[in-house]
Amino acid sequence: MRVWLPPVMLTVLLCALSAGMPALEPLFEWMQPDKQNVIYERESFLFLLQNHLMLVVISALVGTVAAVAGGIFATRPAGRDFLPLVSQIASIGQTFPPVAVLALAVPVLGFGEAPILVALILYGLLPILRNTLAGLEGVDATVRQAALGMGMSPFQVLLQVELPLAGRVILAGIRTSVTINIATAAIGSTIGARTLGDPVIAGLVNGNTAYVLQGAILIGMLALTVDSLFEAAERVWDRRFLPQTAG
Amino acid sequence: MSIYSSVASNTMPNRVLPVLGCLALALVWLLDLGVIQPNRIVPGTGHGLISAVGGPWAGLVSLVLAGCVLLSFLPLRRRYLPLLGLVGLSLALLPLLLEVFAGRHLPEDAPYARSSIGAGFWCLLFLLSLMLIEILGRLGSGRGLQLMILAVIVGSWLWILRGGGLESLSLVREFNARPDKFEQALWTHLALAFGAVGISAGLAFLLALKMIRSVAWRRPILGAVSFLQTIPSLAVFGLLIAPLSALAAAFPALQAMGIRGIGWAPALLALVAYSLLPMVRNTFVALTEVPESLADAGRGMGMNERQLFFKLKLPLALPVIVEGVRITTIQAIGLTAVAALIGAGGFGSFIFQGLGQAAMDLVLLGALPTIALALLADALLTMLAASLKPTPATA
């Protein structure tokens, strides 16, 4: 259980900071003596945190389902024709800067939460797709043959052999995707999503460093919390599956 | 096995191209090809394919797409070459559609009216590019051919652009309104991105050497640089503002150098911090993975450690190091666009200005060059890495 300690502590700290930011007012007043308001009050930090997290979670869920489905399709006999193109898209797509993808979503879909969600899903898909392809292609052909020889159906081979073996690589892809999306969602507040980027942008516009700092601290904490969660999940995964494959 | 499958895939009907072709055909008829706006801000009226370019051109577009679908169904051996010609030519001449559209629909007496590109055109461009990638992959073409085709397409676009028929295109208008600013943004963007890559390459090299010399430093250094990579860019830019302004206030000399809480200084610092992880990781892995047998052979030939490093390890490690530079450069080009939020300039300033004014074409003027820069850097550095791969002398 010790692996779950850092994420739990970081989560508690993150929630406490979001809820108790007004209590730190004297500190920010000392930093920024010339401003009337030193605590961002347009929305509560807890609401922004919740909204930010929701955008990231929804895009990660949809992205994972779509990317894993796409990866499975392109590695089956029926979809093999599409494999070169799909892997090309996954690698070329990742050279597109996330900000540019976000910016391109606006002319097509307009301002607000919907275009950000679409941009996050599409962009977040790519690392997961690439890792799914790498994971499934990395499964030893002899292992697959052995499973088929044991009388498993191709579907059983996929569920019980290929996906568990590829799972660790896919999980790493989801981690990359979520890390990128937390950062991109923060920038999303420039196109009208209400995320933890709001205080930063508002602070930059009004020249209020205290706002910027509050937003930046919470965004950084959120990223660290989620990353430590993935770290713990990967450790648990390794402990459960690696000794078997090694032995 | 591989010989069989390659022969089979060359004569068997291709299923990817028909799917892409049919999708393009459907989307180009369903979506608006172009939009006419009475001025910069007012939303315009969209025009579908027939209304935008008229019957003959609509027929030609449909015919080309249908031709691609048919050609890829035929079990011919050499069908990929004509397909390459067809798709390449369509891509090269695609802007002509916009020219025809502007010529047919732009009112003569409205100087502020502008035409802009509709979703149908973007879809057509995207799907044709995917078809081109698929065809080039099936042909197993070398890098030379790929570059030549890209050059022909880009050259043809520039030639059409210089013809003047696209003057009314809103993207061109936005550019013509600020050519100096565009050039300045380009240089700022390049200076920030490549400055950061250069500085972090030097730093990463030193860090990697330290990691190779002493095992105790490996975990802390890798931990620190991956910690930096986890923090979102907006947060890093924000967190740097307060300390840098305090520094500038305390030391007037720094202020005279232009170092302030906002501007290029925090941007460059953050970009360097972000660039360290891929750089350090690749440099370290590349230098440690040189096979020990080769080092032994070098020692046997009488090389000292210094010669061993510069004449053997470094040349062998170089392709992997360049791969790290490639990842870093692409990332830095994207993050420089975000740095515009703290007043660092570059193409990001057009993006965020455009978003603030709801002027979508200004957003495009910032976003498209950023993407183009990233793709260009990717292509050039991939080529460099490939050319640095040592070839066995006895091949």
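Helices (H or I, at least four residues) and strands (E, at least two) are DSSP runs, numbered from the N terminus. By this definition, chain A holds 10 helices and 0 strands. The model is predicted: local features need pLDDT of at least 70, side-chain atom pairs count only at pLDDT 80 or more, and totals for chains, interfaces and linings use all residues. Residues are numbered from 1 along each chain as its sequence is written, while chains are lettered from A and ligands numbered from 1 in the order in which they are written.

Along the sequence, chain A reads α-α-α-α-α-α-α-α-α-α. Its C-alpha trace spans about 75 × 45 × 25 Å along the principal axes. A residue is buried if 20 or more other C-beta atoms lie within 10 Å of its own, exposed if 12 or fewer, and partly exposed in between, with C-beta atoms placed from the backbone. Chain A has 247 residues, of which 44% count as buried. Two residues are in contact if their C-beta atoms, placed from the backbone, lie within 7 Å. Among the contacts in chain A with a separation of 6 or more, 72% come from residues 24 or more positions apart.

Chain B is divided into domain 1 (2–170) and domain 2 (179–388); the bounds come from an automatic or database domain assignment. The C-alpha centres of these two domains lie 36 Å apart. In chain B, 5 residues of domain 1 are in contact with 4 residues of domain 2. The domain 1 side of this contact has 1 nonpolar, 2 polar and 2 charged residues. Here Ala, Val, Leu, Ile, Met, Phe, Trp, Tyr, Cys and Pro count as nonpolar, Asp, Glu, Lys and Arg as charged, and the others, Gly among them, as polar.

Chain B also contains an open sheet. Its 3 strands are ordered β2-β1-β3, with antiparallel pairing. Strands β2 and β3 of chain B are the edges, each pairing on one side only. The twist averages 30° from one strand to the next. Two strands pair if DSSP finds at least two bridges between them. Strand β1 (residues 34–37) of chain B meets β2 (residues 45–47) over 3 bridges. In that pair, B:Gly34 stands opposite B:His47. The β1(B) strand is joined to β3 (residues 114–117) of chain B by 4 bridges. There, B:Val35 is partnered with B:Ser116, and B:Gln37 with B:Arg114. Helix α5 (residues 95–105) of chain B lies across β1, β2 and β3, running at about 145° to β3(B). Axes are lines fitted to C-alpha atoms, for helices over the stretch in contact, and angles run from 0 to 180 degrees between N-to-C directions.

The two chains meet. In this interface, 39 residues of chain B are in contact with 37 residues of chain A. Helices α6 (119–139), α11 (233–250), α15 (305–339), α16 (348–357) and α17 of chain B each supply at least two residues of the chain B side. The largest share, 10 residues, comes from α17(B). By class, the chain B side has 27 nonpolar, 9 polar and 3 charged residues.

Two further sites in chain B concern exposure and backbone. Helix α14 (residues 292–300) of chain B lies largely in the open, because 0 of its 9 residues are buried. After α14(B) comes B:Gly302, with a positive phi near 95°. B:Lys389 is found in the segment after α17 (360–388) of chain B. B:Lys389 counts as exposed because it has 11 C-beta neighbours inside 10 Å. The C-alpha atoms of B:Lys389 and B:Ala317 are separated by 9.1 Å, though the two lie 72 residues apart along the chain.
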